[in-house]
Amino acid sequence: MDQLNRADVPSFKAQEKTPIVLVLDNVRSMHNVGSTFRTADGFGLTKIILCGITAQPPHREIEKTALGATQSVEWKHYDNNIEAIQELKNEGYKIYAIEQVSNSISLPDFVPSLDHKYALIFGNEVNGVDEKLLPLVDGCIEVPQFGTKHSFNVSVTVGVVSWDLLSKMKFSNKKSD
């Protein structure tokens, strides 16, 4: 870690975080959960919210892909996904579902504001984001795709969307929403 100039867990917990929260809404695969922890650690994101049936650490299957990131990334579990979203709204987060719906914003067209913090909801591998949450969000973001499948694996989507927003927030001077 010294040669790679990586933070240890106490240093990571103390460092300023990118103002992005990842919300996993009823994600079934523990490997997807672990991968999300690793992505949140790698990009220095604020925290992860696990909702409903989404598995929670500690668990051997989560650790296979998290590789210890469950120790560094702040997380919280909610049985009720609506309660989780309401709490994030009360904390001042702009809430975006990563979902294919009419009027969704294409990811390349979404320009995050440096004045906001964001919560991104990623849904169940089969059913997507719970439809009950859609009236509560500030919008939906869709990742463009050009193949025969209609969606990416949720852990891939977490990485793609997290990097896109992080890079726009950290390496761009644009200030619009």
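Two strands pair if DSSP finds at least two bridges between them. Strands (E, at least two residues) and helices (H or I, at least four residues) are DSSP runs, numbered from the N terminus. This is a predicted model: local features need pLDDT of at least 70, side-chain atom pairs count only at pLDDT 80 or more, and totals for chains, interfaces and linings use all residues. Residues are numbered from 1 along each chain as its sequence is written, and side-chain values use heavy atoms, with hydrogens and water left out.

**View 1. Strands β1 and β2 pair in the parallel sense.** Strand β1 covers residues 18-25 and strand β2 covers residues 45-51. Six bridges link them. Which residue in β2 is the bridge partner of leucine 24? Leucine 50 is.

**View 2. Seven strands form an open sheet.** The order is β3-β2-β1-β6-β4-β7-β5, and the pairing is parallel. Strands β3 (75-78) and β5 sit at the edges, and each pairs on one side only. In a regular strand the side chains alternate between the two faces of the sheet.

**View 3. Strand β7 pairs with β4 and with β5.** Strand β4 (residues 93-98) runs parallel to β7 (residues 139-142), with three bridges. Here tyrosine 96 stands opposite glycine 139 of β7. Strand β5 (residues 105-106) is also parallel to β7, with two bridges. Isoleucine 105 has isoleucine 141 in β7 as its bridge partner.

View 4. Axes are lines fitted to C-alpha atoms, for helices over the stretch in contact (heavy atoms within 4.5 Å). Angles run from 0 to 180 degrees between N-to-C directions.

**View 5. Helices α2 and α6 meet.** Helix α6 covers residues 154-171. The two axes come within 8 Å and cross at roughly 15 degrees. The helices are therefore roughly parallel to each other (angles under 35 degrees count as roughly parallel, over 145 as roughly antiparallel, 65 to 115 as roughly perpendicular and the rest as oblique). Asn32, Ser35, Thr36 and Thr39 in α2 meet Val154, Ser155, Val158, Gly159 and Ser162 in α6. By class, this contact has two nonpolar, seven polar and no charged residues. Ala, Val, Leu, Ile, Met, Phe, Trp, Tyr, Cys and Pro count as nonpolar, Asp, Glu, Lys and Arg as charged, and the others, Gly among them, as polar.

View 6. The peptide bond from proline 57 to proline 58 is cis, with omega near -5 degrees.
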